Amino acid sequence: MANVNMQEVKELRDRTQAGLNDCRSALVESNGDMEKAVEIILKKGLAKSVKRAGAVATEGEVAARVTADGKRATIVEVNIQTDFAARNEDFRAFVQKVLDAAEQAKPGAELGAEPFPGGAGTVEDARAALVGRLGENITVRRFDAVAAEGAGAVASYVHMGGKIGVVLSARADRAADFAGFLNDVAMQIAAMAPLYLTKADVPEADQAKQADIFAGQLAEEGKVPEDKRGKVIEGKIAKWMKEVCLLEQESVLDSSKTIEQQRAELAKSLGVSLELTRFVRYQLGEGIEKPQGEDFAAEVAKMAGN
């Protein structure tokens, strides 16, 4: 019988998210071989796949792709429970197949009901089968696409191996070489996380909510007289707009210019009418509330009966 220590149990638990007793049993069964213990946990997950269907999946991959003609870009997010499983070759291949399906799907379609590319059944059928093999819940969470207008083009960018993904579209009145600019802007979106394209896109309700936040902050600080807070809030809103609107942001590549200034200069130099029309930015797991369970020490204490 292998001599298993708690550090090894913790490592296996961190990699698989399995319970402490399951991890300890797997290490004993594998005679302390960590990789074999991982396999044992995953294999035992076959019997737990139905129970795991409600488990929260916050890891996974964001993937994006531009069509061969450069006129459409598609983005998907597929989630799984652990980062370890997200690196599994079968999971990564599944993500690419989901992206294939998303490229063919109509806007707003239920992606799970779409035919699974290169196989029988639907995307949902393939997802359920992979859950059974890997023993972790998988969620095909969302997809979207952007399309070029006129002689425009699209761009995509994926950062940190699938942690952040961006697709971006542009309109132009004639063909020109602005692909480099679009790629730079896609990276800008990934890095600076704008919420809107232009100031005109910001809903009045969002502006009002932000103004209320600034008003509350000023009231809490108590440094600005109440009769002067209106002007201060206006200034704060203007600064906020520059942070959340893509075209108002300073370029991360040239802080002396905004994205809008760069666009205007490039359009003038190329002699074209160039306009950024839409972007989609996905960050892996954003908006998913992760369960706050007991920490490792508390779980050990419970096992010890304390």
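These are my notebook entries on a predicted model of one protein.

**Ground rules**

I number residues from 1 along each chain as its sequence is written, and I work with side-chain values from heavy atoms, with hydrogens and water left out. The model is predicted, and local features need pLDDT of at least 70, side-chain atom pairs count only at pLDDT 80 or more, and totals for chains, interfaces and linings use all residues.

**Entry 1: the whole protein**

I looked up the secondary structure and found eleven helices and seven strands. Helices (H or I, at least four residues) and strands (E, at least two) are DSSP runs, numbered from the N terminus.

I then looked up burial. Of the 306 residues, 41% count as buried. Buried means under 20% relative accessible area, exposed over 50%, and partly exposed in between, with a 1.4 Å probe and protein chains only.

**Entry 2: helix 1**

Which residues of helix 1 are buried? In this helix, residues 6-16, I noted Val9, Leu12, Arg13, Arg15 and Thr16. Seen down the helix axis, the buried residues fall within an arc of 165°, so they line one face of helix 1. The arc is that of the directions from the helix axis to the C-beta atoms. As background, an α-helix has 3.6 residues a turn, so residues three or four places apart point the same way.

I checked both ends. At the start of helix 1, a side-chain oxygen of Asn5 comes to within 3.1 Å of the backbone nitrogen of Gln7. After the helix comes Gln17, with a positive phi near 65°.

**Entry 3: Glu77**

I found Glu77 in strand 2, residues 72-80. Is Glu77 buried or exposed? Its relative accessible area is 0%, so Glu77 is buried.

What does its side chain meet? I listed polar contacts, each a pair of N or O atoms within 3.5 Å; within protein, one must be able to donate a hydrogen and the other to accept it, and residues adjacent in sequence count only if both atoms are side-chain atoms. The side chain of Glu77 makes one with the side chain of Asn79, at 2.8 Å. A polar atom of the Glu77 side chain also lies 2.9 Å from the backbone nitrogen of Gly285.

Leaving aside neighbours within four places in sequence, Glu77 has contacts that include Glu61, Val62, Arg142, Tyr282 and Gly285. Two of these residues turn up together elsewhere: Arg142 lies over the face of Tyr282, 3.9 Å from the ring centre. A charge sits over a ring if NZ of Lys or CZ of Arg is within 6 Å of the ring centre and within 35 degrees of the ring normal.

**Entry 4: Phe143**

I found Phe143 in strand 3, residues 138-147. Phe143 counts as buried, at 16% relative accessibility. Phe143 and Val76 are 67 residues apart in sequence, yet 4.3 Å apart in space, C-alpha to C-alpha. Among the residues that Phe143 touches, not counting those up to four places away, are Ile75, Val76, Ala102, Leu111 and Tyr282.

**Entry 5: aromatic rings**

I paired rings of Phe, Tyr and Trp (its six-membered ring) with centres within 6.5 Å; planes under 30 degrees apart count as stacked, over 60 as edge-to-face and the rest as tilted. The count comes to one aromatic pair. The rings of Phe94 and Phe116 have centres 5.9 Å apart and planes at 20°, so the pair is stacked. Phe94 lies in helix 5 (residues 89-104) and Phe116 in the loop between helix 5 and helix 6 (123-134), so the pair ties together parts 22 residues apart in sequence. Phe94 is buried at 4% relative accessible area, and Phe116 counts as buried at 15%.

**Entry 6: the loop between helix 9 and helix 10**

I looked up Gln249, which lies in the loop between helix 9 (229-244) and helix 10 (259-270). Gln249 counts as buried at 2% relative accessibility. A polar atom of its side chain lies 2.8 Å from the backbone oxygen of Glu243.

Ser251 is placed in the loop between helix 9 and helix 10, and is buried at 5%. A polar atom of the Ser251 side chain lies 3.0 Å from the backbone nitrogen of Leu253. Gln188 is among the residues touched by Gln249, and Gln188 is also listed for Ser251.

Conventions:
Contact = heavy atoms within 4.5 Å.
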